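Subject: Structure handover

Hello,

Here is the structure you asked about. Please load it first, then read the notes below.

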Amino acid sequence: MSAIPLDYETLRLIWWALLGILLIGFAIMGGMDLGIGALLPFVARTDDERRVLLNLAGPTWEGNQVWLVLGGGAIFAAWPAIYAASFSGFYIAMIAILLALILRPVGFKFRGKVDDPRWRTVWDWALFVGGFVPALVFGVAVGNLFLGVPFRLDDVLRPSYEGNFFLLLTPFALVAGLVSLSMLLTQGAAIIAMRTDGAVAERARTYGRWAALATAALFVVGGVVALYLLTGFKVTSVQNPLGPSNPLGKTVVLEQGAWRANYTNLPWMIVAPILAIAGSLGAWWALGAKAKILGILASSLAIFGIISTAGLSLFPFLMPSSIDPASSLTVWDASSSQLTLFIMLIATLIFLPIVLIYTAWVYRVMRGTVTPTSLGRNPNAY
């Protein structure tokens, strides 16, 4: 009899849900910073206005990155097969994201070092790249999960990738990337509208409303294509949720409309796309009505719905293989051992509340409207 109080199936489901929660947490918290960066050259048109946005994101962006670190750590510890296959398959894409993310701290620190408009403009566009590229590429990566990733496993479960970066840029994947981009632009616009005033806030509301409408429209288009037109993946053999992690122990077939099966079997899942559309339209309305708190809440609800829709649609797949469907990685055959999952769960239950409490405390301390006048009184301002 196992001394572990939770069975293997339950632990796998918990970690599948936790991975989704961490990704949603990063998209909501880190999405504010990515959205602000991508909107920087357009929403702020003077040096003072751009300093307002820098000091809106600057004090919290490092803390928001904790969600990305936790997500990467969860994949490494709980889903090592996913970590190995994705980091080899999406290597160039991840390097592009990493380089773009590096531009943010460099831009925050270096922009104000030289009092030269050309110098500052260069760093403004660097910060734009640091927000735009990750927001787009993260969505492209998710889009490719629906299409399948060109990798295969050998007899000892070593992954080999047989594609290249440009093969990831298919029309459907680009639509998914645009959903991600517009979703995070809405989030960035909502936080700008909430914590600034005057012309900056007004421009943010205008861009945010367009981004919210684009999010809803692109999400519907992408959803229809994924559920009704794409060739999806379907497990045809019996998988043992309590069995060992061996992805090659199953059979998988390609079938048009397969991604629709979960909604047929579990109709309650339709709640996720409804929340995505309702949140996007709610953000559009709230930004127009200058309902500051409702704007950020509605945008966050859209993020929750969009990411939940992707996860629920793919379940039990985590990373399908387009060239060898049997090598596809699922919740039931790509996890760490039962003991590892349990130990990591205990660690998560200890440290995740600390992260949440610290994040809430930081945002409470940093609450209030950021203006050029308030920056003039702050010696630590960017």
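A nonpolar core here is a set of buried Ala, Val, Leu, Ile, Met, Phe, Trp, Tyr and Cys residues joined through side-chain atoms within 4.5 Å. Keep in mind that this is a predicted model.

**Core**

The largest nonpolar core holds 93 residues. Leu 53, Ile 192 and Met 319 have the most contacts inside it. Helix H1 (residues 8-43) gives this core its largest share, 17 residues. Take Ile 192 as a way in. Leaving aside residues up to four places away in sequence, Ile 192 touches Ile 36, Leu 39, Val 43, Leu 53, Leu 56, Val 200 and Ala 204.

Helix H2 spans residues 47-57 and is mostly covered, with nine of its 11 residues buried.

**Salt bridges**

There are 12 salt bridges in the structure. One of them pairs Arg 120 with Asp 47, with the closest N and O atoms 2.8 Å apart. Arg 120 sits in helix H6 (residues 117-147) and Asp 47 in helix H2, so this pair ties together parts that are 73 residues apart in sequence. Arg 120 counts as buried because its relative accessibility is 14%, under the 20% cut-off. Asp 47 has a relative accessible area of 31%, so it is partly exposed.

Arg 118 meets Asp 116 in a salt bridge at 3.6 Å, N to O. Arg 118 is exposed, with a relative accessible area of 66%. Asp 116 is partly exposed at 23%. Asp 154 bridges to Arg 158, and their closest N and O atoms are 2.7 Å apart. Here Asp 154 is partly exposed at 25%, while Arg 158 is exposed at 55%.

Which residues do shared partners join into one salt-bridge network? They are Asp 47, Arg 50, Arg 111, Arg 120 and Asp 124.

**Surface patch**

A nonpolar surface patch covers about 870 Å². Trp 210, Leu 213, Leu 281, Trp 284, Trp 285, Ile 293, Leu 294 and Leu 297 make it. Helices H8 (198-229), H10 (271-288) and H11 (292-314) each supply at least two of the patch residues. Leu 294 is in helix H11. With 46% relative accessibility, Leu 294 counts as partly exposed.

**Annotated spans**

An unreviewed UniProt entry lists "transmembrane region" for residues 13-44, 90-110, 122-145, 165-186, 207-230, 266-287, 294-319 and 339-363. I can set two of these spans against the model. Residues 13-44 are 97% helix and 0% strand, with end C-alpha atoms 44 Å apart. Residues 339-363 are 100% helix and 0% strand, and their end C-alpha atoms lie 36 Å apart.

**Ser 336**

Is Ser 336 buried or exposed? Its relative accessibility is 10%, so Ser 336 counts as buried. Ser 336 sits in the loop between strand E6 (329-330) and helix H12 (338-365). Beyond residues up to four places away in sequence, Ser 336 touches Tyr 8, Ala 77, Ala 78, Trp 79, Pro 80, Ser 245 and Leu 341.

Best wishes

Terms used
Residues numbered from 1 in each chain as written. Predicted model: local features only at pLDDT ≥ 70, side-chain atom pairs only at ≥ 80, totals over all residues. Heavy atoms only, no water. Helix = DSSP H or I, 4+ residues; strand = E, 2+ residues; numbered from the N terminus. Buried < 20%, exposed > 50% of the residue type's maximum accessible area, 1.4 Å probe, protein only. Contact = heavy atoms within 4.5 Å. UniProt positions renumbered as here; feature names shortened; annotations may be inferred. Patch = residues over 30% accessible without salt bridge, like charges linked within 9 Å, V, L, I, M, F, W, Y side chains within 5 Å. Areas by Shrake-Rupley, 256 points an atom, 1.4 Å probe, with all protein chains shown as cover. Salt bridge = Lys/Arg side-chain N within 4 Å of Asp/Glu carboxyl O.
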